[in-house]
Amino acid sequence: PVGAGTVICADGVASVWNVCTIDKQRQRGVATTLLHAMLVDASEFGAEKTVLYSTAHAYQLFHRFGFDIYTQRQWFLPPGIDYEE
């Protein structure tokens with residue numbers, strides 16, 4: 001696999017989690033294809049609405065699918081840990 005994601009459906013709402021693509025396969029449509037399939041699956045399971053959290057990096061992908069910012073969260077990370085690797 002070069003990408004993965006999770007969609008959980010409950011009470012007519014789909015929640016999209018952890019859409020990712022391995023670095024060497026980025027910018028080739030993997031996440032777009034995954035998200036499309038996840039939304040089709042969610043619709044088939046009766047989801048009428050979908051929610052997700054997005055990083056700033058992934059926002060453009062989700063925005064192309066019609067998602068918009070509802071609220072923002074600030075993450076506070078412990079000092080001394082390199083999260084860029």
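Author: What follows begins with the chain as a whole and then turns to the aromatic pairs and the residues around them.

This is a predicted model, in which local features need a pLDDT of at least 70 and side-chain atom pairs count only at pLDDT 80 or more, while totals for chains, interfaces and linings use all residues. Residues are numbered from 1 along each chain as its sequence is written, and side-chain values use heavy atoms, with hydrogens and water left out.

The protein chain has 2 helices and 3 strands, where helices (H or I, at least four residues) and strands (E, at least two) are DSSP runs numbered from the N terminus. Read from the N terminus on, these elements follow the order β-β-α-β-α. Along the principal axes, the C-alpha atoms fill a box of roughly 45 × 30 × 20 Å. Of the 85 residues, 16% count as buried, a word that here means under 20% relative accessible area, with exposed meaning over 50% and partly exposed the range in between (1.4 Å probe, protein chains only).

Now to the aromatic rings. A pair of such rings is described by the distance of the centres and the angle of the planes. Rings of Phe, Tyr and Trp (its six-membered ring) pair if their centres lie within 6.5 Å, and planes under 30 degrees apart count as stacked, over 60 as edge-to-face and the rest as tilted. By this rule the count comes to 2 aromatic pairs. One of them joins Trp-17 and Tyr-53, which are edge-to-face at 6.2 Å centre to centre, with 65° between the planes. This pair links distant parts of the chain, since Trp-17 belongs to strand 2 and Tyr-53 to the loop between strand 3 and helix 2, 36 residues apart. Trp-17 counts as partly exposed because its relative accessibility is 39%, and Tyr-53 counts as exposed because its value is 57%. In the pair of Phe-62 and Phe-67, the ring centres are 6.3 Å apart and the planes stand at 80°, so this pair is edge-to-face. Phe-62 is buried because its relative accessibility is 6%, and Phe-67 is buried because its relative accessible area is 15%.

Strand 2, which holds Trp-17, also contains Asn-18. Most residues other than glycine have a negative phi. Asn-18, however, has a positive phi, near 55°, and this residue is exposed, because its relative accessible area is 58%. Thr-21 lies in strand 2 as well, which covers residues 13–21, but Thr-21 is buried, because its relative accessible area is 12%. Leaving aside neighbours within four places in sequence, Thr-21 is in contact (heavy atoms within 4.5 Å) with Val-2, Gly-3, Arg-26, Val-30 and Ala-31.

The loop that holds Tyr-53 also includes Ala-58, and it runs between strand 3 (49–52) and helix 2 (59–64). Ala-58 counts as buried because its relative accessibility is 19%. Ala-58 and Asp-23 are 35 residues apart in sequence and 13 Å apart in space, C-alpha to C-alpha.
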